[in-house]
Number of protein chains: 2
Amino acid sequence: MVPAVEGDLLERYARLAVEVGVNLRPGQTLEVNGLVEHAPLIRAIARAGYAAGARYVDARYVDEHVKHALVASGPDASLDFTPPWLLTRLEATGAEQGARITVSGDPEPELFADLDGRRVGAARMTELVQASLRLVTERRVAWSIIACPTEGWARSIFGEPDLDRLWDAVARSVRLDEPDPVAAWMEHAARLSARAESLNERRFDAIRLRGPGTDLTVGLLERSRWGAAATETVWGQRHVPNMPTEEVFTTPHKLRTDGHVRSTRPLVLQGAIVRDLEVTFAGGRITGVSASTGEDVVRAQLDSDPNAPFLGELALVDGTSRVGQTGITFMNTLFDENATCHIAFGQGFPECVEGGEGLDPAELEALGVNDASVHTDFMIGGPDVDVDGLTAAGEAVPLLRGDEWLLG
Amino acid sequence: MVPAVEGDLLERYARLAVEVGVNLRPGQTLEVNGLVEHAPLIRAIARAGYAAGARYVDARYVDEHVKHALVASGPDASLDFTPPWLLTRLEATGAEQGARITVSGDPEPELFADLDGRRVGAARMTELVQASLRLVTERRVAWSIIACPTEGWARSIFGEPDLDRLWDAVARSVRLDEPDPVAAWMEHAARLSARAESLNERRFDAIRLRGPGTDLTVGLLERSRWGAAATETVWGQRHVPNMPTEEVFTTPHKLRTDGHVRSTRPLVLQGAIVRDLEVTFAGGRITGVSASTGEDVVRAQLDSDPNAPFLGELALVDGTSRVGQTGITFMNTLFDENATCHIAFGQGFPECVEGGEGLDPAELEALGVNDASVHTDFMIGGPDVDVDGLTAAGEAVPLLRGDEWLLG
């Protein structure tokens, strides 16, 4: 049963995802993807989609229990199988200049914990993931990721299935508590864009993070650009890829990260929880990994692609983050990465490199932009982590101290 | 929460569907289709599928609420849209000589009752339905339809969400209460096959049904064959298309049905409940339709295809039916058609005509086998309905009296 207030939040979140997230145009096809457990929100998105003039809303449900059966007892050769119809569907969305809303929020974060981590890591539909990353990096779809509260997700955060409390935290994080959430988002996006612009003006050579267990220098490209909140498809449709979003982010040089970093929040990865992740970099490449749980899933990802162990993203978040202010570890990357600074190994963003768009993977690679079939964010910021921008002349400009943003 | 006894029934029903229903072969791909509300059974089918050696289990969930949003406020031109990826998926199953389990059982039979019946009737993915009927009639898939008990379905039958009672009725109907359900099915299928054989030996010219509101003569083809329980794919894989099944069935001549018939049980059709359906036939064609509810949905189906208003199936069921013995009207065609005699307007079965297989639609049509994009069963039998076989010489041979089977 969904109480009245949640029903209302469902409809409001769905409208926000359709009107701001993908900024749906009348006549556009809307693809929606989520888990079986997300049905209440996906249904609300279908209603909001048609209300906004969708030509067709095509919902696809993933069932993690069916995947569990595959990993538990399917043939080895099928673990990474992508059914061809998933590619047909993805290509149709691209060809029609469609929109795509992906619903996240893991109702059973420990579901795969009883299985062999290497098999869990291998079961990732590489072909679909690659095609999807290509669609996104080539900006051929107006996309947005949101999250659906479930009792299981609430239990993994609070130790009890307190769905109301989770909906409240999600609603505050995505500004559904504002009288006019759409207007609030416009203002929020403008503030983050201004921050990205001030970083772009400084043209830092590298970013350095220092804190307990962390001393990491991430070298940028000469042509690295910082982005935030909204982006645009090739046909000029503005959209907000993540809701919530609190970050300014860029793509570093794939060979210029050095040092060590300690994750400051747990990470849910392919059904396993990765805790106390520590990673060492040398010449851009991950040379050491340890974690108290889930280490094998991380290792399987790093082994899945020769370019997986190089950075694709660096993102900065300060203490004004709505997500951070809830004080909650959501056990969900979409939220937790927006509470604090983070990096991602794997695929970089061509749109974060001046002139990077339209280049093929080999040309991007030559520039120093990593091309991989994974993109895994993990959180490394917080009040104890100092962040500086390093100029080409070697000057250190404080960006974050005690979670406070210091740059103009 | 699923109580332990139901959990066990889930696993047993899933195994029966995999091992007897589609009779899965090691290495075969298993396509599973059902509603979001059927997730518990679909998950059990995935487990049973891999346990039986499936190469891959491809589950697709349909969400009737997403369809409701389409019918309520989508564009007219999208009502009958089939997303191309659904055809890719279906063709892959055919090309790979795969198996398909479809899960039925409507959790909300009144869901579409608030909408315009003509729009509800129009929203049926004709292209997919046609391709699927073709796959089945050409015997290019090992398929089986089962049903998943849900609280909503239980409510529509019992007036309360008594899931245990529904599971009990379903379990008895599909022989899960037998110590060895697989062996019980073998015996049951042999008994129905013997009945079909005795009808085939008699080569009746027509079947006549008489009862309250019913006097209907259904003319058969000279080459009509009666079938039952199990059938075979073109590559020789035996499978049981319906579980439960209690019928012997054939395809009549499309132009030789005359008279009138009153439905003896309600019919759930595209989310509407059709009650008190009465149909008049002249020269094989439906010339009159009335119903106290859902008439517009039936009319929309009959209007959807020039061949929809001709019969495709006649089936005989006696009082030994496990389904009939439960005394329950299941509000679900898969069950209710197996409680009593029924007819279906629309698509005929080429395998029910001697030499009919491998013929194209035009050749079948020339023989008198109807070819249509719909196939809608409705129930017309019961203890008050007498059924006779009519020989070419005009002799009437009693087949059913008081629901008792009389033919040797």
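This is a predicted model: local features need pLDDT of at least 70, side-chain atom pairs count only at pLDDT 80 or more; totals for chains, interfaces and linings use all residues.
**View 1. The interface of chain B and chain A.**
In this view, 30 residues of chain B are in contact with 30 residues of chain A. The two chains bury about 2,800 Å² between them, and 65% of that area lies on carbon and sulfur atoms. Across the interface, 11 residue pairs are in polar contact. On the side of chain B that touches chain A, the elements giving two or more residues are helix 2 (39–51), strand 2 (56–62), helix 3 (64–73) and helix 4 (84–95) of chain B. Helix 2 of chain B supplies the largest share, 6 residues. By residue type, this side of chain B divides into 18 nonpolar, 5 polar and 7 charged residues.

**View 2. A salt bridge between chain B and chain A.**
The count of salt bridges between chain B and chain A is 4. One of them joins the side chains of B:Glu37 and A:Arg43, with an N to O distance of 3.0 Å.

**View 3. Helix 7 of chain B and its cover.**
Helix 7 of chain B spans residues 151–158, and its buried residues include B:Gly152, B:Trp153, B:Ala154, B:Ile157 and B:Phe158. Among the elements covering these buried residues are strand 4 (142–147), helix 8 (163–173) and helix 12 (333–336) of chain B. Just after helix 7 of chain B comes B:Gly159, which has a positive phi of about 80°.

**View 4. An open sheet of 5 strands in chain B.**
The strand order in this sheet of chain B is 7-10-16-17-18, and the pairing is antiparallel. Strand 7 (227–228) and strand 18 (375–379) of chain B are at the edges; each has a single partner strand, so one side of each has no neighbour in the sheet. Strand 17 (residues 342–346) of chain B pairs with strand 18 of chain B in the antiparallel sense over 5 bridges. Within this pairing, B:Ile343 has B:Phe378 of strand 18 as its bridge partner.

**View 5. Helix 10 of chain B and its cover.**
Helix 10 of chain B runs over residues 295–303, where B:Val297, B:Val298, B:Ala300, B:Gln301 and B:Leu302 are buried. The cover over these buried residues includes helix 5 (117–122), strand 12 (267–269), strand 13 (272–274) and strand 15 (285–290) of chain B. Strand 17 and strand 18 of chain B, shown in the previous view, also belong to this cover.

**View 6. Strand 19 of chain B and its partners.**
Strand 19 (residues 386–390) of chain B is mostly covered, with 4 of its 5 residues buried. Strand 5 (residues 206–211) of chain B pairs with strand 19 of chain B in the antiparallel sense over 5 bridges. There, B:Leu209 has B:Val387 as its bridge partner. Strand 20 (residues 396–401) of chain B also pairs with strand 19 of chain B, in the antiparallel sense over 4 bridges, and B:Leu390 stands opposite B:Ala396. Strands 19 and 20 of chain B form a hairpin with 5 residues between them, and B:Gly394 in the turn has a positive phi of about 100°.

**View 7. Two hairpins in chain A.**
Strand 19 (residues 386–390) and strand 20 (residues 396–401) of chain A pair in the antiparallel sense over 4 bridges. The bridge partner of A:Val387 is A:Leu400 in strand 20 of chain A. This hairpin has 5 residues between its strands, and A:Gly394 in the turn has a positive phi of about 95°. Strand 20 of chain A also pairs with strand 21 (residues 404–405) of chain A, in the antiparallel sense over 2 bridges. A:Arg401 has A:Glu404 as its bridge partner. Between strand 20 and strand 21 of chain A the hairpin has 2 residues, and A:Gly402 takes a positive phi near 55°.

Methods:
Residues are numbered from 1 along each chain as its sequence is written. Chains are lettered from A and ligands numbered from 1 in the order in which they are written. Side-chain values use heavy atoms; hydrogens and water are left out. Contact means heavy atoms within 4.5 Å. Buried area is the accessible area (1.4 Å probe) that two parts lose on being put together, summed over both. A polar contact is a pair of N or O atoms within 3.5 Å; within protein, one must be able to donate a hydrogen and the other to accept it, and residues adjacent in sequence count only if both atoms are side-chain atoms. Ala, Val, Leu, Ile, Met, Phe, Trp, Tyr, Cys and Pro count as nonpolar, Asp, Glu, Lys and Arg as charged, and the others, Gly among them, as polar. Buried means under 20% relative accessible area, exposed over 50%, partly exposed in between (1.4 Å probe, protein chains only). Two strands pair if DSSP finds at least two bridges between them.
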